[in-house]
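Open the model in your viewer and keep the selection panel at hand. The tour goes from one chain to a contact between chains, then to single residues.

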Amino acid sequence: MATTAVEQPHPHSGAHARATGVWSWITTVDHKRIGILYGVTAFFFFLLGGLEALLMRWQLGAPDNTFVSPDVYNQLFTMHGTTMIFLGVMPLSAMFFNFMIPLQIGARDVAFPRLNAFSYWVFLVGGLLLNSSFLLNAAPNAGWFGYANLTSKQFSPGLNVDFWVIGLQILGVASLAAAVNFFVTIVNLRCHGMRMMRMPMFVWMSLITQVLLLLAFPVITVALILLMVDRFFGTSFFIPAGGGDPVLWQHLFWIFGHPEVYILILPAFGIISEILPVFSRKPLFGYAAMVFSGALIAFLGFGVWSHHMFATGMGPVADTVFGLATMLIAIPTGVKIFNWIGTVWGGSLRLKTPMYFALGFIAMFIIGGLSGIMHSVPPADLQQTDTYFVVAHFHYVLFGGSVLALLGGAYYWFPKMFGRVLGEGLGKLHFWLTFIGMNLTFFPMHFLGLNGMPRRVYTYPEGLGFELWNRIETAGSLVLGASFLVFIYNIIRSRHHIAPADPWEGGTLEWSIPSPPQEFNFPALPTVYSRDPLWEQRRTHGAAPEPTRVSGQGIHLPNPSFWPIVTALGIAVFFVGFLLGVNLWVILAGGGITALGIFSWAFEPAG
Amino acid sequence: MRIPPAARRRLGRLAPLLGLVLLVLAGCAENYPQTTLAPKGDFARAVDTLFRSTVWWAAGVFVLVEGVLLFAIFKYRERPGGPEASQFHGNALLEVIWTIIPATILVFIAIPTVRTIFRTAEPPPGDPLVIEVIGHQWWWEFRYPEFNITTASEMYVPVGRPVDLRMRTADVLHSFWIPQLAAKRDVFYGRDNRLWFTAEEAGVFSGQCAEFCGIQHGRMAHRVIAAAPADFDAWVARMSAASAPVPVFDGDSLALAGQALFATRACVGCHALRAVDPPPGLVGPNLANIGGRLTIAAGSLPNTDANLARWLRNPQEYKQGVLMPNLGLSEDDIRALVAYLRTQRVATLPPALAATP
Amino acid sequence: MSHDSAHAIPIETTTGLDSRKLAIWAFIGSECLFFASLISTYLVYKGKSLVGPFPHEAWTSPTGQEFEPILQIPLVTTGTALLLFSSFFVVMALAGAQRGDRRALLGWLGATIFCGVFFVGMQVYEFYHFVHEGLGYTTNLFGSTFYTLTGFHGTHVTIGLIWLLTIWILGLRGKLPPDKSLNLEIAALYWHFVDVVWIVIFPVVYLMR
């Protein structure tokens, strides 16, 4: 380990009065502010995705319904999936990566604060671009996995798929930049004494997620490039008439797509592993097993992609290999579930709202995991794939899994982030509406799928027996919608309830500083001697007093910068040039702005 | 209203359990014509047997694990004066046990899985009936090389004889799904995907395209009609004889008018009315026997005069985006065409199957 | 002691490595998958072109036009050799920077850049020649995969050259003392990576039949 550097007084540091105003947010490089930016933006997009879902459910509430046209429906389901994954769950996880990782590892910020800001602005730009397509009635409409050759220019002549390709490409830049940042942060900025096997489990799961991001996103980048040149320049990567093979798209997409679902769930695993010990008043059961099972799930996750392709006729050997590999992943996943139960077992459970969501997560994730095992059987999957059975499976793991965990994390960390506590009564109401709503909405989908309803259909006829379950699901979706209204109301009302530094008697470092933290996080960087350092402290020295806010004089913080947003805009302009019929001037202008941004960033005076 | 935590948890647990019970009951084919849970073909049956075994394992694991979770929540919830939390960190033996037990269960699932994969990957012995399946946006074409018959949307197969489907697409990816007989397989351009099945009993089986293929993916359905061998042979004989449109009786002036319209308006440019040796390169479904089919608009509308008229009035109204344009037909034109198309009937459903939709 | 040169005050790190070095390694790991996907696509479509011109075989078009095998191995081998040498040169430049030898830095780094420019120049010439010979981007799968793969690699080389040139100018103005040599080291790591990728592409595209 490097020797301790002495922090010299610096002309820029003084009493850190919090800068306010729009410009301070535009130029912020503070991980906490960036986390809030991610959270607010992602929550907005999540609600948009939810609205898309409600519209879909309304259309499906009756057979042969004409509430929306088939074209609009196809835009809705494509954008619902794309939005929830790339603009909802991923950036909500990024909110927690941003806010909590430096706090949990005892650091002042991430390794590259300006790169962090850059990631957020690129995400914002990508999300806005993707959704701006609605204004042209040209929202992406070929499904969130955009199978070739439906996505070729011949069969999708409009701008819809172009928006999708360009939007996702931009979002990929954001994800990749953030992944480099958090990977280095976790590896390199841990405080004294925090060995890898002493890191909070949320940090571990986040680290593994960053590795998955680094390795999976380049593959979809290439797939999108190939689709883009097919559409814009007339190549035949996925065009059968030119010798291309649409199945190549499926392989490239799913080599990204399967690790992507682990990117969506591992942070959730991490959050649950934070909440359960605190509200059970005992340590996480099987820490090492949790680390290794998480790593194993990620590793194996690169070897199962063709289980999305069992109906393509790959042959019995390929089906067998991918089926067995998929079954294998169930083992470390089961290990995690059992370890969580082991954490709860023998504890003294405080059934507060975060704990409700954490326990609900376990219950729902078990269901999603079991339907996943059913899918892993290739012959059985030949009935289940492309039906509502799959829709049920992934909503149980993504909603019952990721979303419940993110909501639990929101209740758990809201006090730290905003200095306010969310109401318990409203929180529990929120939970029950969510729990009941999601089961009403998604459980009947198992039946619909097995009884013959395919997915991505804008309507269904009478006489197939689909009406009753669809009506129930539509009702369930309204309950889910209501649950989010309760959540928003809870957030608004919370402004009256001030939070202490440690409302939950937590064990990890973020609870040792004021709520919300001061800009520099820790007055003095801590040293840890165990996992759950605050519990260690409580055992040996008793509960710590409420930390006071200090002046922060002498603490060096990175300067705000305006080049990240400039560079992000440059990238946006560059890609928009392609959208405008490969307009060379716009592309070059975008490249120029990006280059200007990068050079200015690199040569900005050190601060 | 305060519901005690115990009852609340039980409520939460009950819903999915109830669902599982309903799942078993849910497979009644009369209520769900497109169900996967009432197989009537050997392929679907093999798949269903395998699937049911996984359901039992899953149900068992579900009850056990959720049960332990719920028990733990009740037993260890914080109570005033209750015991403190036990500060244990883990247990290596438990880790081993709960790694090995799931692995063992998976072995019990994996073995029949691999057996079924390889069994269903082989063509059946004997003399299968080859049917070419071609997916189009948004209808299915069926060709019988053995009999030189081309038809669309309704596939007749004989009960008890293996059927060998050779499937491809003419445009984008589709997936041919016939739940009660043969599960599904995606179709690609330029190479055939194969699927084999033998229908075990006579019946009309519904299916739908199962790979998103564009704006009307939701209305791309089909029927597979399994007929007793004698009935199937009769169908083949009648369709084989249909080497020209059915001639119209001289006195039927309305149908004669329709026949004239069919020949002079755009119809004949896209549709053939004969099943044998139809002109190649037509983009519309083959309409031989259109008068006797169960459904129109790719299996999505019952074949009644009213529906036929509705379709002809404006196909875009019912199936926006479909390749058949609004021909701007007058009501008289439509009446005539409907009458004409009704006369194009060479084979009707075997009486034994007439009751089914 | 680790050193973060972008900031005036050194920041301590857990591993002792500068964060920027870790970052470039993480980025390189990601880029490996990027090029692996492009190379896999090339291999999947190798030999599957419906029409010529082809890389290693002659072809006569349906209209009777004759095409020779289109790859020019000797020229590309020369470029490859120069690219490989450039990796050695940049190591020497880095050694010079680390001991404060400005002349060594500028000389060896200049040689690196020269080799890189020659490589890119060779590729530009090659692309121009191929198009002239009838192999366009959309002519066949070989054209599409070849130009995409080598084009993206060439773009990476070009970005590397801009980066190295910027450092060379910094060195010229005396702004690259030994305690800032990490800047060159990171660029050199990127440069080595770009070289290694070519070491895979060259046999796969040019030598394998």
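Select chain A. It has 17 helices and 0 strands (DSSP runs, H or I of at least four residues for helices, E of at least two for strands, numbered from the N terminus). This is a predicted model: local features need pLDDT of at least 70, side-chain atom pairs count only at pLDDT 80 or more, and totals for chains, interfaces and linings use all residues. Residues are numbered from 1 along each chain as its sequence is written, chains are lettered from A in the order in which they are written, and side-chain values use heavy atoms, without hydrogens and water.

Zoom out. The C-alpha atoms of chain A fill a box of roughly 70 × 60 × 45 Å along the principal axes. Of its 607 residues, 70% count as buried (under 20% relative accessible area; exposed is over 50%, partly exposed in between; 1.4 Å probe, protein chains only).

Now show chain C with chain A. The contact takes 40 residues from chain C and 45 residues from chain A (heavy atoms within 4.5 Å). About 3,500 Å² is buried between them, 72% of it from carbon and sulfur atoms (accessible area lost on being put together, 1.4 Å probe, summed over both parts). On the chain C side, color helix H1 (19-45) and helix H4 (141-172), the elements that give two or more residues. H1(C) gives the most, with 15 residues.

Go back to chain A and center on the loop between helix H4 (113-132) and helix H5 (160-188), where Asn149(A) is found. A cis peptide bond joins Ala148(A) and Asn149(A), with omega about 0°. Asn137(A) is in the loop between H4 and H5 too. Its phi is positive, about 50°, although it is not a glycine. Most residues other than glycine have a negative phi, and most peptide bonds are trans. Asn137(A) is partly exposed, at 48% relative accessible area.

Next, pick Asp386(A), in the loop between helix H11 (378-384) and helix H12 (388-418). Phi is positive here as well, near 65°. Is Asp386(A) buried or exposed? At 7% relative accessibility, Asp386(A) counts as buried.

Finish in chain B. Select Trp138(B), in the loop between strand S1 (129-136) and strand S2 (139-144). The peptide bond from Gln137(B) to Trp138(B) is cis, with omega near 0°. Then move to Gln180(B), in the loop between strand S6 (174-178) and strand S7 (183-187). Gln180(B) is buried, at 5% relative accessible area. Its side chain reaches the backbone oxygen of Ala38(B) at 2.8 Å.

Notes: A polar contact is a pair of N or O atoms within 3.5 Å; within protein, one must be able to donate a hydrogen and the other to accept it, and residues adjacent in sequence count only if both atoms are side-chain atoms. Buried area is the accessible area (1.4 Å probe) that two parts lose on being put together, summed over both.
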